[in-house]
Amino acid sequence: MFSFFRKKAPAAEPVSSPPPPSSPSSASPASTAVPEPAVETPPEPPRELPRDGWLARLKQGLRKTGSGIAQVFTGTRIDEALYEELEGALLGADTGVAATQALLADLKRRVKDSKASEPAAVKALLADALAELLAPLERALVVGPSKPTVIMVAGVNGAGKTTSIGKLTRHLANGGCKVLLAAADTFRAAAREQLAVWATRAGPRADDPGTRVEVISQQGGDPAAVSFDAVNAGRARGADVVIADTAGRLPTQAHLMEELRKIKRTIAKAQDGAPHEVLLVVDGNTGQNALAQVKAFDAAIGLTGLIVTKLDGTAKGGVLAAIARWGAEQGRVVPVYFIGVGEQLEDLQTFSAREFAQALLQ
């Protein structure tokens, strides 16, 4: 689901051919052919990890959320009692009132149109309705139109922000990208060391030393200044991607949210159009509070994407439906680029609405 693009090299201005020499003896070094300008070779497609193993982990990770919903369909009748029980299960999974009402209305329409007569068939139709609701959240993270592509990452304390950055770096390195990490969490002990450990795990690829990962930091320094220096260093060193890891904070902490705005403004001064992505890492365990975080951070810094972590430890995975419904209501969807169901590098994968719906309602 990654998309890696680079701008094509600008077309070289036509060079007029020198007039043919009158004789071989009149030839001079100035008449030698002008070499064609080098054209940048597009990067190879990203090397995605096998999806079969991921789907098994996703099903296992969503078992806590899905078990309560799946139990609704163990009966033999399709009646109002089934829909009431389903409503309670969806609300219990933190799907939210608006998304739950939308799903039930869509499901009833599908049941009527298909003339379904068995609860098992209704379950399959619910998977279709959920996949359609979540589909707008499914979008590829595009890297390459600007070099470096600058990604700013925010989140509350304990959401798995730095760990997710490490896993994201692994995806980028697998796609042939050279990554520079900015440790803008300058006051947390061992923040730089944690990033450095992930950088070591993520790259370089054995077959491409150019995919190495570097870390820029300044213990106790100004986070905005560190981010500014990192963007400039990324440009100077030919990095494909610069990722700024900001300090965890609660959206209710006004002075810290203002610091985030300052970091974003400072990054924009370092490179026109940056940051190109503003990502929020949210803990799936927090349920409806995750939606509140999305709303608050989006209002403060204008989110472009989400990473939802720790879905394997929660029965509240329905919050993705709540996020999708909120996006539909406001007319601007904040996509979910990645979801995580474990601690391993491969446990963070691109989000697929169909995979998620099927794994949830297995």
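## Helix packing and strand pairing

Helix α5 passes helix α12 in a right-handed crossing, meaning that the near helix is turned clockwise from the far one by less than a right angle. This is a predicted model, in which local features need pLDDT of at least 70, side-chain atom pairs count only at pLDDT 80 or more, and totals for chains, interfaces and linings use all residues. Residues are numbered from 1 along each chain as its sequence is written, and side-chain values use heavy atoms, with hydrogens and water left out.

Helices (H or I, at least four residues) and strands (E, at least two) are DSSP runs numbered from the N terminus. Helix α5 covers residues 119-134 and α12 residues 353-360; they pack at about 145° with their axes 8 Å apart. Axes are lines fitted to C-alpha atoms over the stretch in contact, and angles run from 0 to 180 degrees between N-to-C directions. On the α5 side, A127, D128, L130, A131 and L134 make the contact, and on the α12 side A353, R354, F356, A357 and L360 (heavy atoms within 4.5 Å). These residues divide into eight nonpolar, no polar and two charged.

Strand β9 (residues 336-340) has five of its five residues buried, so the rest of the structure largely encloses it; buried means under 20% relative accessible area with a 1.4 Å probe, protein chains only. Its pairings, which require at least two DSSP bridges, are as follows.

| Strand paired with β9 | Sense | Bridges |
|---|---|---|
| β8 (residues 305-309) | parallel | three |
| β10 (residues 348-350) | antiparallel | three |

L306 stands opposite V336 in β9, and F338 has T350 of β10 as its bridge partner.

How values were computed. Buried < 20%, exposed > 50% of the residue type's maximum accessible area, 1.4 Å probe, protein only. Nonpolar A, V, L, I, M, F, W, Y, C, P; charged D, E, K, R; others polar.
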